[in-house]
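Welcome to a short tour of one protein model. Please keep the sequence and the 3D view open side by side as you read.

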Amino acid sequence: MKETARSLQRNRLEIQFAGEEGLDYGGPAREFFFLISRQIFNPYYGLFEYSANDTYTVQVSPVSLYVDNSHEWFRFCGRIVGLVIIHQHLLDAFFTRTFYKALLRSLCDLSDVEALDALFHQSMTWVIENDIEDVLDLTFSVSEEIFGQVTERELIPGGKDIAVTEQNKGDYVAEMVKWRVERGVSEQMESIVRGFNEVIDPALVNIFDARELELVISGTADIDIKDWRRNTEYRSGYHDNHKVVKWFWKAVSSFDNEQRLRLLQFVTGTSSIPYEGFAALRGSTGPRKFSIERWGDYTKLPRAHTCFNRLDMPIYRSYDELLEKLTYAVEETGSFAMQ
């Protein structure tokens, strides 16, 4: 946070973990962004909360204003998001669509609000799809509770005296969407955007729409095994038809998506997949495909080299042995072998 915007934009980020050996050829930096994003975007700490739809995407929490130094924390979050783009890594966090649109300074529409508030989305959709003449008595105002007091807020100047009609209901819904998106979080989002723009020029990201920006920042979490296998390289005697390699892919196929993401994180330092797919995985010197190398004997666990996206796989004697060793390595190993 003490670094200038110019320094953050121009200098290379190098990470070294305390008590761990190894040079940062990309793996530690990927792991750094993976670990820090798991912490700062964790709803447990009060800055963010889970969306209305699931416990997978997060959004800014209205109660975050009560967190000490919340605006500096949000500015820090914005800087982290910007650094991920500059250094071409990924976050282990997914946000609601409104978050990405805020970074782009794009207007939100009704479809963006469903993840924030399903009931609100349902109500506004009903207004749009039905004739409201002589049915609803609405004005361009909304009641909101602030510190226990219910007050009337005008959506537009003089809104409390302007009736919502069949002719102007589209404008009413648009204003309601804007209010719902900004309610209780507008100041926090401004701090995030401020930190984000300190790191990356807005002109560089305005080429994206919200969906594309999401993929650049967080990649995708749904693993396509066929794409993964198609973009895997083999070394030191292994090949796609080798029995150990076949057992490996059999094990991957038996995993659920969460286990596959853990395996990917074990080998590459991140559980996210670039939006172009596995062909765009990055290593220490640029694009580097996932690889499996023959190494060691069957008594050893698989080991990973996160800087090179490489899994060292011993020649196991059976599928069950491989499955047991691979699962243990992925689930129980807390540090990475680095070269």
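Is H4 largely enclosed by the rest of the structure or largely open, and why? It is largely enclosed, because six of the eight residues of H4 are buried. Before going further, please keep in mind that this is a predicted model.

The buried residues of H4 are Thr98, Phe99, Tyr100, Lys101, Leu103 and Leu104. Just after H4 comes Arg105, with a positive phi of about 60 degrees. Arg105 has this positive value although it is not a glycine, and its place is in the loop between H4 and helix H5 (118-129). Unlike a buried residue, which would fall under 20% relative accessible area, Arg105 counts as exposed, at 54% relative accessibility.

## Aromatic contacts

The model has 17 aromatic pairs. One of them joins Phe95 and Tyr100 in an edge-to-face arrangement, with 5.8 Å centre to centre and 75 degrees between the planes. Phe95 and Tyr100 are both buried.

Another edge-to-face pair is made by Trp228 and Phe290, with 5.3 Å from centre to centre and 90 degrees between the planes. This pair links distant parts of the chain: Trp228 belongs to helix H10 (residues 225-230) and Phe290 to strand S9 (residues 290-294), 62 residues apart. Both Trp228 and Phe290 are buried. For a contact between a charge and a ring, look at Lys250, which lies over the face of Tyr319 at 4.3 Å from the ring centre.

## The second largest pocket

Next, the open spaces. The second largest pocket holds about 620 Å³ of space. Its lining has 27 residues, and those closest to its centre are Ala102, Cys108, Val181, Glu182 and Met189. Which element gives the most to this lining? That is H6, with seven residues. Strand S2 (57-60), helix H4 (97-104), helix H6 (169-182) and helix H7 (186-199) each supply at least two residues.

The lining of the second largest pocket divides into 13 nonpolar, five polar and nine charged residues. Two domains contribute: at least three lining residues come from domain 1 (5-105 + 185-218), and at least three from domain 2 (110-182).

How many cavities of 30 Å³ or more does the structure hold? The count is one. The largest cavity has a volume of about 40 Å³, and the residues that line it are Phe255, Gln259, Thr327, Val330 and Glu331.

Helix H13 (residues 319-332) provides the largest share of this lining, three residues. By type, the lining of the largest cavity divides into two nonpolar, two polar and one charged.

## Residues worth a look

Ser236 has a phi near 60 degrees, a positive value in a residue other than glycine. Its place is the loop between strand S6 (232-235) and helix H11 (243-254). Is Ser236 buried or partly exposed? Ser236 is partly exposed, because its relative accessible area is 45%.

Ser70, found in helix H3 (residues 70-86), is buried, with a relative accessible area of 5%. Gly184 is found in the loop between H6 and H7 and counts as partly exposed, at 38% relative accessibility. Gly184 and Val60 are 124 residues apart along the chain, and their C-alpha atoms are separated by 9.1 Å.

Key:
Residues numbered from 1 in each chain as written. Predicted model: local features only at pLDDT ≥ 70, side-chain atom pairs only at ≥ 80, totals over all residues. Heavy atoms only, no water. 1 Å grid on protein atoms, 1.4 Å probe; cavity = no way out; pocket = protein on both sides within 12 Å on 5 of 7 lines; lining within 4 Å. Points joined across faces, edges and corners; volume = space filled by probe spheres on them. Helix = DSSP H or I, 4+ residues; strand = E, 2+ residues; numbered from the N terminus. Nonpolar A, V, L, I, M, F, W, Y, C, P; charged D, E, K, R; others polar. Domains from an automatic or database assignment. Phe/Tyr/Trp six-rings, centres within 6.5 Å; stacked < 30°, edge-to-face > 60°. Buried < 20%, exposed > 50% of the residue type's maximum accessible area, 1.4 Å probe, protein only. Lys NZ or Arg CZ within 6 Å of the ring centre and 35° of its normal.
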